[in-house]
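Please open the structure in the viewer and keep the selection tool at hand.

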Amino acid sequence: MKYILLFLFLVAGILAKAQFNVVFQPALNGNNMAGLSKASYFNLSNSEIEAVVEITVTCDQQQVLKINLPPYRFKTGINEITTTTLLNAPRIYGISLAGSILKQTGNYAEGEYEFCFNIIPTKDRLNTNQFCFNHSILPATPLLLQDPFDGDIICNERPVFVWQPPIPMALGSLFRFTLVSMDGKQSAENAMSRNIPLIVQRNISSSIFSYPTNLPAVKQNMKYAWQVLVYNSKVEMVTKSEIWEFEVKCDQKLPDSSKISYREIKAVEDGNFHAATDVLNVSLYNSFGTGPLTYKIFNLEKPFEPIQGLPSLKIEAGYNFYSIDLTKNNSFINGKQYLIQVTLKNGEVFKLRFIYTLSNE
């Protein structure tokens with residue numbers, strides 16, 4: 001019996017000291033400042049208590065945010081502080097990159113975070129209750145380069161560079177694009193750190209950059225390295241991409257036109273039909289890298305049913321010439337009208353209409 005009484009006295013002593021408990025789920029609500037209002041405060045005493053709440057957020061042991069909430073009367077049981085009250089309370093942002101990003105976006109940057117809730121009763125300030133929660137925040141999506149792809153061989157001497165911005169991205173952030181040429185067997189990383197840049201373009205607001213028309217074009221049979229960096233309104237680097245490389249190389253060899261006549265597939269249809277007797281001979285200019293040719297052929301009487309069993313073809317940078325033997329596919333009918341549709345790497349669609357005829361009929 002005396003042990004039971006001792007246990008009850010110990011519990012009573014703990015409850016007398018720990019008047020509060022805080023429940024906070026950083027995995028759900030620890031990615032932005034507004035999520036701090038999702039904390040639940042439990043008044044464990046039998047009476048209402050007036051207290052102030054100090055919320056401190058640190059990232060990698062550096063202060064990111066401190067909020068001083070006004071005195072609040074906590075009733076017995078569960079209490080919640082509204083988002084409006086939290087966002088209107090005085091707050092101090094840390095002098096750090098994470099603090100700057102939070103101030104501009106309301107979101108936390110990547111890092112190891114600790115969220116601490118200090119509850120200080122106004123009539124008993126020495127009886128402070130502190131509750132801390134840890135959380136790791138990773139970027140939702142990093143800054144990713146997209147085109148030209150790493151190791152691409154392209155023919156376009158004034159390429160368009162495309163990348164995917166990081167998410168979240170601080171309000172007012174801008175991109176910096178850098179392009180350097182590579183010497184001999186130099187790596188892309190070494191070239192980026194040692195060579196004089198051909199282009200350093202700052203203040204880019206979109207995730208696409210076209211090679212400037214006022215600069216000399218990139219050179220044939222040369223390799224280049226490129227990288228994109230994100231910086232905030234204080235010109236502090238937020239994140240940077242990998243370094244990718246590409247080569248400019250155009251194969252301009254043309255087949256003997258006296259033997260074979262090739263009809264060029266273009267982005268704009270000219271309204272005429274090309275005559276394809278047994279074999280469809282077509283040409284195509286490609287400004288992007290090598291890879292499989294993405295194409296379809298449709299019978300114009302069935303425009304939503306692409307013909308199956310077409311041969312697999314490849315596409316190179318520069319001019320491409322194809323001879324597709326239509327006699328080997330029973331889907332092609334003599335005298336019928338067809339359309340070949342090619343989709344390039346950048347999504348651009350080229351088309352050509354033709355009439356299929358058999359030479360022995």
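Select E50 and R73, whose side chains meet in a salt bridge with an N to O distance of 3.7 Å. The model is a predicted one, and the distances given on this tour are computed from it. E50 belongs to strand β3 (residues 49–59) and R73 to strand β5 (residues 72–74), so this pair ties together parts that are 23 residues apart in sequence. E50 is partly exposed, at a relative accessible area of 30%; R73 is likewise partly exposed, at 49%. In general, side chains of opposite charge can pair when their charged atoms come close.

How many salt bridges are there by this rule? The count comes to five.

Next, select D152 and K345. Their side chains form a salt bridge of 2.7 Å, N to O. D152 lies in strand β11 (residues 152–154), while K345 lies in the loop between β26 and β27 (349–357), so the pair ties together parts that are 193 residues apart in sequence. Is D152 buried or exposed? With a relative accessibility of 8%, D152 counts as buried, because the limit for that class is under 20%. K345, by contrast, is partly exposed, at 45%.

Move on to K336 and E301, where a further salt bridge spans 3.1 Å, N to O. K336 is found in the loop between β25 and β26, and E301 in the loop between β23 (294–299) and β24 (314–315); these distant parts of the chain are 35 residues apart. K336 is partly exposed, with a relative accessible area of 27%, whereas E301 is exposed, with 56%.

A search of the whole structure finds one cavity of 30 Å³ or more, and about 40 Å³ of space lies in the largest cavity. To display its lining, select I265, V282, L284, L293, Y295, L313, Y322, I324, I340 and V342. Strands β21 (279–286), β25 (318–325) and β26 (337–343) each give two or more residues to this lining. By class, the lining has 10 nonpolar residues, with no polar and no charged ones.

Finally, select residues 20–23, 40–43 and 77–80. Here three strands form an open sheet in the order β1-β2-β6, with antiparallel pairing. The edge strands, β1 and β6, each pair on one side only. From one strand to the next, the twist averages 30°. β1 and β2 pair over four bridges, and F20 stands opposite N43 in β2.

Methods:
Residues are numbered from 1 along each chain as its sequence is written. This is a predicted model: local features need pLDDT of at least 70, side-chain atom pairs count only at pLDDT 80 or more; totals for chains, interfaces and linings use all residues. Side-chain values use heavy atoms; hydrogens and water are left out. Two strands pair if DSSP finds at least two bridges between them. Axes are lines fitted to C-alpha atoms, for helices over the stretch in contact, and angles run from 0 to 180 degrees between N-to-C directions. On a 1 Å grid over the protein atoms alone, a cavity is a set of points where a 1.4 Å probe fits but cannot get out, and a pocket is an open set with protein on both sides within 12 Å along at least five of seven lines; lining residues have an atom within 4 Å of a point. Grid points are joined across faces, edges and corners, and a volume is the space filled by probe spheres set on the points. Ala, Val, Leu, Ile, Met, Phe, Trp, Tyr, Cys and Pro count as nonpolar, Asp, Glu, Lys and Arg as charged, and the others, Gly among them, as polar. A salt bridge is a side-chain nitrogen of Lys or Arg within 4 Å of a carboxyl oxygen of Asp or Glu. Buried means under 20% relative accessible area, exposed over 50%, partly exposed in between (1.4 Å probe, protein chains only).
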